[in-house]
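Please open the model in your viewer with the sequence panel alongside, and keep a selection tool to hand. The stops below say what to select next and what is there.

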Amino acid sequence: AKEITAIARRKEARFHRLARGKIKPFPGAVELLRRLSRSNIPIALVSSTPPRNIDSVLESLEIKDLFQTIISGADVTKGKPDPECFLLAATRLGVKPENCVVIEDSTPGVSAAKSAGMRCIAITNTRPRSQLKKADLVIDTLEDIDIGDIKKLILPPGKP
């Protein structure tokens, strides 16, 4: 166990050294977050990544202030595909799960969102479209999403 812990620490230290100043967001990601924030739509970041790694990425991209809450692997006992992480995010945001839209790029993440009773937009960053078909909408780039697409997933037809 000590050896595994030592290896994990070395890996984390190396990640921070290599990532400093070199982190690039997916195309359209930062712009989408800024549009959501300007529209007063609450945003949570949900990741199984350790808190220190999340902070490094968010600080590097200068977007930490766009999130009302951040859920890391340290905040939950069960990982995706269990819905615990998304349900915790909804609770912290004060939003009902059925009024949440999750943007995911993994099969377990899509399953977790759907199990939580949330709508899901899947992006083909890491998985082919065929593995993400449980999502309500599958896209190839975040540049293709606008706030209207997100609202359509949670509002009945005819509601602004």
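Contact here means heavy atoms within 4.5 Å, and axes are lines fitted to C-alpha atoms, for helices over the stretch in contact, with angles that run from 0 to 180 degrees between N-to-C directions. Helices (H or I, at least four residues) and strands (E, at least two) are DSSP runs, numbered from the N terminus. This is a predicted model, in which local features need pLDDT of at least 70 and side-chain atom pairs count only at pLDDT 80 or more, while totals for chains, interfaces and linings use all residues. Residues are numbered from 1 along each chain as its sequence is written, and side-chain values use heavy atoms, with hydrogens and water left out.

Begin by selecting the open sheet of three strands, whose order is 3-4-5 and whose pairing is parallel; two strands pair if DSSP finds at least two bridges between them. Its edges are strand 3 (101–104) and strand 5 (137–139), each of which pairs on one side only. On average, neighbouring strands of this sheet are turned by 20 degrees against each other, direction ignored.

Next select strand 4 (residues 119–123), which is joined to strand 5 by three bridges, and look for Ile-121 opposite Leu-137 in strand 5. On the other pairing, strand 3 and strand 4 run in the parallel sense over four bridges, with Glu-104 standing opposite Ala-122 in strand 4. From strand 3 the chain crosses through helix 5 to strand 4, a β-α-β crossover that is right-handed, meaning that, with the strands pointing away from the viewer, the path from the first strand over the helix to the second runs clockwise.

Colour strand 3 by face: Val-102 and Glu-104 form its covered face, whereas Val-101 and Ile-103 form the uncovered one. Helix 6 (residues 147–154) lies across strand 3 and strand 4, and runs at about 140 degrees to strand 4.

**Helix 5**

Now select helix 5 (residues 107–115), where the buried residues are Gly-109, Val-110, Ser-111, Ala-112 and Ala-113; buried means under 20% relative accessible area, exposed over 50%, and partly exposed in between (1.4 Å probe, protein chains only). Their cover includes helix 4 (84–93), strand 3 and strand 4. At the start of helix 5, a side-chain oxygen of Ser-106 comes to within 3.0 Å of the backbone nitrogen of Gly-109. After helix 5 comes Gly-117, whose phi is positive, near 80 degrees.

**Cysteines**

How many disulfides does the structure hold? It holds zero, a disulfide being a pair of cysteine sulfur atoms within 2.5 Å. For Cys-100, the nearest cysteine sulfur is that of Cys-120, 12 Å away, and Cys-100 counts as buried because its relative accessibility is 11%. The sulfur of Cys-120 is 11 Å from the closest cysteine sulfur, in Cys-85, which is too far for a bond, and at 0% relative accessibility Cys-120 also counts as buried.

**Two loops**

Move to Thr-141, found in the loop between strand 5 and helix 6, which is buried with a relative accessible area of 18%. Not counting residues up to four places away in sequence, Thr-141 touches Pro-27 and Ile-123.

Finish at Ser-47, in the loop between strand 1 (44–46) and helix 3 (51–61), which is likewise buried, with a relative accessible area of 18%. Leaving aside neighbours within four places in sequence, Ser-47 is in contact with Ile-54, Ile-71, Ser-72 and Gly-73.

Terms used: Polar contact = N/O pair within 3.5 Å; in protein donor to acceptor, adjacent residues only side chain to side chain.
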